[in-house]
Amino acid sequence: MVARTMTGSGRKEQEPALKIEQVAILCGVSVSRVDNWIEKNGLKAVDVNGTRKVRQEDLVEFLLHYNMPIPKGILPVNARKLLLVYSAGRGRGAVYSFLKSLSDKMSSKFRNITDSVTYGKSAEYKILNFVPDLVLVDAVHSDDDALGVVRFVRSIGGMRSVVLVRRNMAVARRAELIRSGAHAVIERNTGWKDMLRCLERVLNSLGDSSK
């Protein structure tokens, strides 16, 4: 999984740390639950002038790890959430490398938070909880799984899907993905310039995410 909050210039944004009580209110849980997250579940806390606090970027990463919704109050202004759904046959190292490159390259246009999940029920669960602005669907290894995700995203509404396809995918199959709700289909091995132009166009069709 990759979870990154970026500035427009590609550097991590230094958000103010939150008090434990603030984390509890934002996440709709008790203070004791947040304490438990810190002591037993790996939520990072820092000492700020004698007060235990949680950095916003650490809270986002924690919530992503446990598939919990991310409160809008801790998202950077105009941040875009991107989710890559891929086949389990694709190596995690390759997925991490792709998402890191994508996040870095998109940071000049959008602040972004990225995450990934493999096909299956876990993908639907992640989509419902993460509520991404853009679902990037890797159809190189599995057309049918990709088609299912595209249809699921369309059924929810309020988000976009772009499908990455292999170069030799039939035109009819690509057309079926578009008819099923994909907002764009692009070959996975296309250059970064064309891919970023496509993703930017699709994300811009969402309008201002702060509204």
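Guide: Helices and strands here are DSSP runs, numbered from the N terminus; a helix has at least four residues and a strand at least two. The model is predicted. Its mean pLDDT is 85, and 90% of the residues reach 70 or more. Residues 1-13 are another matter: their pLDDT is below 50. In the model that stretch still has 45 contacts beyond near neighbours in sequence. Where pLDDT is low, the predicted coordinates should not be read in detail.

Let us look closely at strand S6. S6 covers residues 134-138. S6 belongs to an open sheet of 5 strands, in the order S5-S4-S6-S7-S8. The pairing in this sheet is parallel. Strand S5 (112-118) and strand S8 (184-187) are at the edges. Each of these has a single partner strand, so one side of each lacks a neighbour in the sheet. From one strand to the next, the twist averages 20°.

Is S6 mostly covered or mostly open? Mostly covered: 5 of its 5 residues are buried. They point in two directions. Leu 134, Leu 136 and Asp 138 go one way. Val 135 and Val 137 go the other way.

Take Val 135, which is found in S6. Its relative accessibility is 0%, so Val 135 counts as buried; the cut-off for that is under 20%. What does Val 135 touch, apart from neighbours within four places in sequence? Its contacts are Leu 83, Val 85, Val 149, Val 153, Met 159, Arg 160, Ser 161 and Val 162. Ser 161 also stands opposite Val 135 in S7. Ser 101 is 34 residues from Val 135 along the chain. The C-alpha atoms of Val 135 and Ser 101 are separated by 16 Å.

On one side is S4, at residues 80-86. S4 and S6 pair in the parallel sense over 4 bridges. Val 85 has Val 137 as its bridge partner in S6. Val 85 also stands opposite Val 117 in S5. S4 and S5 are joined over 7 bridges, again in the parallel sense.

S6 pairs with S7 in the parallel sense over 5 bridges. S7 then runs parallel to S8, with 4 bridges joining them. Here the bridge partner of Val 162 in S8 is Ala 184. S8 has two faces. Ala 184 and Ile 186 make up the covered one, and Val 185 and Glu 187 the uncovered one.

S2 pairs with S3, residues 51-54, over 3 bridges. Asp 47 has Arg 52 as its bridge partner in S3.

Asn 49 sits in the loop between S2 and S3. Most residues other than glycine have a negative phi. Asn 49 has a positive phi of about 55°. Asn 49 is exposed, at a relative accessible area of 78%. Asn 67 also has a positive phi, near 55°. Its place is the loop between helix H3 (56-65) and S4. Asn 67 is partly exposed, with a relative accessible area of 24%.

Finish with a pair of helices. Two packed helices are described by the angle and the distance between their axes. The axes of H1 (residues 20-27) and H2 (residues 31-40) come within 8 Å and cross at roughly 105°. H1 and H2 are therefore roughly perpendicular, as angles of 65 to 115 degrees count that way. H1 brings Ile 20, Glu 21, Val 23, Ala 24 and Cys 27 to the contact. H2 brings Val 31, Val 34, Asp 35, Trp 37 and Ile 38. By class, the contact has 8 nonpolar residues, 2 charged ones and no polar ones.

Terms used
Residues are numbered from 1 along each chain as its sequence is written. This is a predicted model: local features need pLDDT of at least 70, side-chain atom pairs count only at pLDDT 80 or more; totals for chains, interfaces and linings use all residues. Side-chain values use heavy atoms; hydrogens and water are left out. Two strands pair if DSSP finds at least two bridges between them. Axes are lines fitted to C-alpha atoms, for helices over the stretch in contact, and angles run from 0 to 180 degrees between N-to-C directions. Contact means heavy atoms within 4.5 Å. Angles under 35 degrees count as roughly parallel, over 145 as roughly antiparallel, 65 to 115 as roughly perpendicular and the rest as oblique. Ala, Val, Leu, Ile, Met, Phe, Trp, Tyr, Cys and Pro count as nonpolar, Asp, Glu, Lys and Arg as charged, and the others, Gly among them, as polar. pLDDT is the predictor's confidence in each residue, from 0 to 100. Buried means under 20% relative accessible area, exposed over 50%, partly exposed in between (1.4 Å probe, protein chains only).
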